[in-house]
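These are my notebook entries on one structure. I set down what I looked up, entry by entry.

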Amino acid sequence: MIQKTEPHYVFQTEMAVRDYECDFQGIVNNANYQHYLEHARHLFMHEFGLDPVKMHVDGIDAVVAHIGIDYRYPLRSGDAFIVKVGVHKKGNIRLVFDQQIIRKADSKVIIDAEVTCALVRDGRPILPVVIEEAFQKRGLEL
């Protein structure tokens, strides 16, 4: 059995559920959680001095290879929540973003997620040097 280490979150942001993100059951539609996670990853990148749009212009794209989400409790319209982000390397090429959504009102863990990405240039995987360097500037390592 593989022993999984506890995620180390290095960034968090606060958001709130908007009415149109809920389905007929009155809860957030499952697909919208991926939007929350992606938005938090983009803010995380900016926090570490990386701009996904500039990276794309420079020929580097972060491509999602796999997303695993454990849905625990639903969010409802107006709920304020926090999205936490951490990242670690998986092998030489892949990056795994550890993410968690927590409802502010009761600190309940709403979802746990792992988003596996690879950096590519011209469709070919490259080493995540640009991310490693951004982390090193902050005294952190992947």
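I count a contact where heavy atoms lie within 4.5 Å. The model is predicted, so I note that local features need pLDDT of at least 70 and side-chain atom pairs pLDDT 80 or more, while totals for chains, interfaces and linings use all residues. Residues are numbered from 1 along each chain as its sequence is written, and side-chain values use heavy atoms, with hydrogens and water left out.

Entry on Gln 100. I located Gln 100 in strand S4, residues 94-103 (strands are DSSP runs of E, at least two residues, and helices runs of H or I, at least four, numbered from the N terminus). Gln 100 is buried at 12% relative accessible area (buried is under 20%, exposed over 50%, partly exposed in between, with a 1.4 Å probe and protein chains only). Beyond four places in sequence, its contacts include Tyr 9, Ile 82 and Asp 112.

Entry on His 66. I found His 66 in strand S2, residues 60-71, and partly exposed at 48%. Outside four places in sequence, His 66 touches Glu 114, Val 115 and Thr 116.

Entry on rings. My search of the whole structure gave 8 aromatic pairs (Phe, Tyr or Trp rings, the six-membered one for Trp, with centres within 6.5 Å; planes under 30 degrees apart are stacked, over 60 edge-to-face, the rest tilted). Phe 44 and Phe 48 make a tilted pair, with 5.0 Å between centres and 50 degrees between planes. Phe 44 and Phe 97 pair edge-to-face at 5.9 Å and 90 degrees. Phe 44 belongs to helix H1 and Phe 97 to strand S4, so this pair ties together parts 53 residues apart in sequence.
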